[in-house]
Protein chains: 2
Amino acid sequence: MNHIIAVDIGGTHLRAAAYPLSSLEPLQHYRIKTYQGKRTPQQNLLQAIRSVWPPQGSVLGIGVAVPGPVDPYQGWVLSTPNIPEWRNLPLAQWLSEQFQCPAWIENDANLAALGEWRYGAAQGHHDVLYLTISTGIGGGVIIADRLLRGAHGMAAELGHVTVWPEGPLCSCGLPGHLEAIASGPAIVRYVREQMSGGVSSSLAKAPLLSADQVAQAARQGDVLASQAFQRAGKYLGIALASFLHIFDPSIVVLGGGVSQSGDLLFQPMKEQLRQSVFHPRYLERLQIVTASLGDSAGLMGARALVEDQLHLQKNRPDP
Amino acid sequence: MNHIIAVDIGGTHLRAAAYPLSSLEPLQHYRIKTYQGKRTPQQNLLQAIRSVWPPQGSVLGIGVAVPGPVDPYQGWVLSTPNIPEWRNLPLAQWLSEQFQCPAWIENDANLAALGEWRYGAAQGHHDVLYLTISTGIGGGVIIADRLLRGAHGMAAELGHVTVWPEGPLCSCGLPGHLEAIASGPAIVRYVREQMSGGVSSSLAKAPLLSADQVAQAARQGDVLASQAFQRAGKYLGIALASFLHIFDPSIVVLGGGVSQSGDLLFQPMKEQLRQSVFHPRYLERLQIVTASLGDSAGLMGARALVEDQLHLQKNRPDP
């Protein structure tokens with residue numbers, strides 16, 4: 001039996017799964033802390049893959065979802081949050097040598113988009129916009145049945161689009177990006193700033209603050225907490241209108257932890273979207289849905305990546 | 001000999017050209033006012049096409065570049081500036097019946113992008129961002145050797161992307177679009193507003209004002225005129241950085257009348273772009289050039305559209 005190995009490099013953990021080609025259920029699944037024990041992240045990655053390696057049959061390829069910018073064409077990790085030593089790391093080649101089988105890497109939001117399109121909420125669509133809203137904001141786009149990659153493989157960085165030039169600083173250091181206004185930390189930052197400015201809120205007592213707590217407070221009637229989500233939703237709506245004008249998708253899939261706040265975020269987002277779309281046709285038959293693969297989106301996308309690459313190779317003429 | 005007929009629906013004129021398949025030089029070229037004589041725009045369009053119809057050989061197809069939103073899949077003009085009676089007009093089907101040959105339509109900025117890619121400044125690139133800056137701002141994008149169209153065929157409306165939510169109103173009625181800040185009329189509007197606010201300028205005496213005049217004044221040392229281009233260039237740079245993060249092209253092609261202001265606009269644009277790109281890799285090997293097909297971009301793009309469609313049809317399995 002043939003298998004695909006899928007790997008998801010997360011913020012704190014590495015995950016690996018072995019999928020039989022004929023099934024979407026992993027044969028084996030393994031999760032390990034990036035810095036578990038005294039081993040390097042690369043050693044832990046080897047262990048994760050070895051742990052799921054199928055005892056019988058062969059592995060056709062390994063696909064890896066990596067947060068942060070990668071060069072998918074060369075298989076290099078340029079840099080990735082939480083693993084500072086992975087800078088300009090030829091990860092795909094190294095894995096390929098270690099396991100004697102082909103390996104590919106791709107940005108994790110791109111792969112989540114690919115996963116949701118192939119196996120999840122966006123099945124059957126040809127033009128898909130995927131946004132993940134959590135600690136950061138990432139994007140992935142399917143255009144006419146193909147993943148948008150770009151010349152350097154760094155397209156669809158939809159969190160780093162300027163929606164308010166005078167706005168707050170983004171994690172990347174630049175002002176006014178969508179991520180700086182509508183990500184989880186941005187929502188928390190807004191609440192904090194307002195409270196320091198004297199606005200009262202039930203959240204004043206919370207020593208640490210998460211977007212989840214802000215959502216809970218909003219549901220319990222906290223005015224500032226509601227405003228924080230309305231503000232994030234408004235800018236998401238403005239950005240989403242621009243993304244419709246840019247990509248004209250037939251479905252928008254919203255993933256990531258902050259998406260689970262549901263209508264707290266989506267209601268103001270959709271209201272703003274209606275106001276900000278410059279032609280009603282963009283909204284005709286447009287679906288706006290939440291992601292359906294949950295935590296598995298990256299793994300499923302990594303699996304889809306290998307499927308795609310193997311298919312490409314099959315169609316390539318002999319050299 | 002086989003031919004392609006290309007048509008460009010301009011602001012005030014209709015143009016048609018007949019290209020032998022084997023040549024980029026039109027056999028015939030015809031230009032007529034949209035409302036010439038007492039004829040309707042459709043009648044003038046028929047006359048333009050008849051005037052270039054090759055006396056010998058056959059016509060394989062007709063391609064039409066239309067300003068404003070179209071449905072390229074159904075061949076409908078949804079609406080187009082300057083021809084108010086063309087609303088929801090099934091133009092492709094009508095032309096096809098009139099001339100007994102296949103016909104296709106597409107947004108003019110998309111076709112200018114296709115033309116510049118196939119025959120002009122962007123030849124050999126796989127990922128192309130085309131921006132035309134004139135009365136409006138239009139966009140066209142090539143992604144991995146294919147024109148970006150979208151689910152309704154309305155993608156790449158890059159002038160209608162919000163870069164400043166509190167900014168001036170766009171021609172479409174919404175605030176803060178790139179077109180509202182960096183198009184020719186937007187540059188003129190800024191100069192006018194500043195002069196009404198008491199800012200002195202050599203342009204105060206000009207009864208009518210064009211972006212070209214503002215450019216001329218800037219070159220002659222007029223401070224306000226320079227500022228107007230710096231402001232437009234700044235927002236173009238901010239938008240361009242977002243477009244790099246979104247599409248990651250290997251070339252940016254700038255067309256349209258306002259682009260001819262050259263460094264007046266491009267110098268502040270490039271300076272802002274360098275500041276606004278969140279990863280230096282986007283700029284590696286990136287070319288930023290002016291369009292090379294001039295007025296013919298739409299016609300050449302319409303020709304390329306027909307080539308593409310005929311090729312697609314050839315590859316389609318028999319029904």
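**How the two copies meet, and what each is built from**

Chains A and B come together through the same surface, since 100% of the interface residues of chain A are also interface residues in chain B. This is a predicted model, in which local features need pLDDT of at least 70, side-chain atom pairs count only at pLDDT 80 or more, and totals for chains, interfaces and linings use all residues. Residues are numbered from 1 along each chain as its sequence is written, while chains are lettered from A and ligands numbered from 1 in the order in which they are written.

Chain A itself splits into domain 1 (2-111 + 295-315) and domain 2 (124-291), with bounds from an automatic or database domain assignment. Taken over C-alpha atoms, the centres of these two domains of chain A sit 28 Å apart. Eight residues from domain 1 of chain A and 12 residues from domain 2 of chain A make the contact (C-beta atoms, placed from the backbone, within 7 Å).

Over in chain B, helix H6 (residues 211-219) packs on helix H7 (residues 223-247) at an angle of about 120°, their axes 7 Å apart. Helices here are DSSP runs (H or I, at least four residues), numbered from the N terminus; axes are lines fitted to C-alpha atoms over the stretch in contact, and angles run from 0 to 180 degrees between N-to-C directions. Val214(B), Ala215(B), Ala217(B) and Ala218(B) of H6(B) meet Ala225(B), Ser226(B), Ala228(B) and Phe229(B) of H7(B).

Notes: Two residues are in contact if their C-beta atoms, placed from the backbone, lie within 7 Å. Helices (H or I, at least four residues) and strands (E, at least two) are DSSP runs, numbered from the N terminus.
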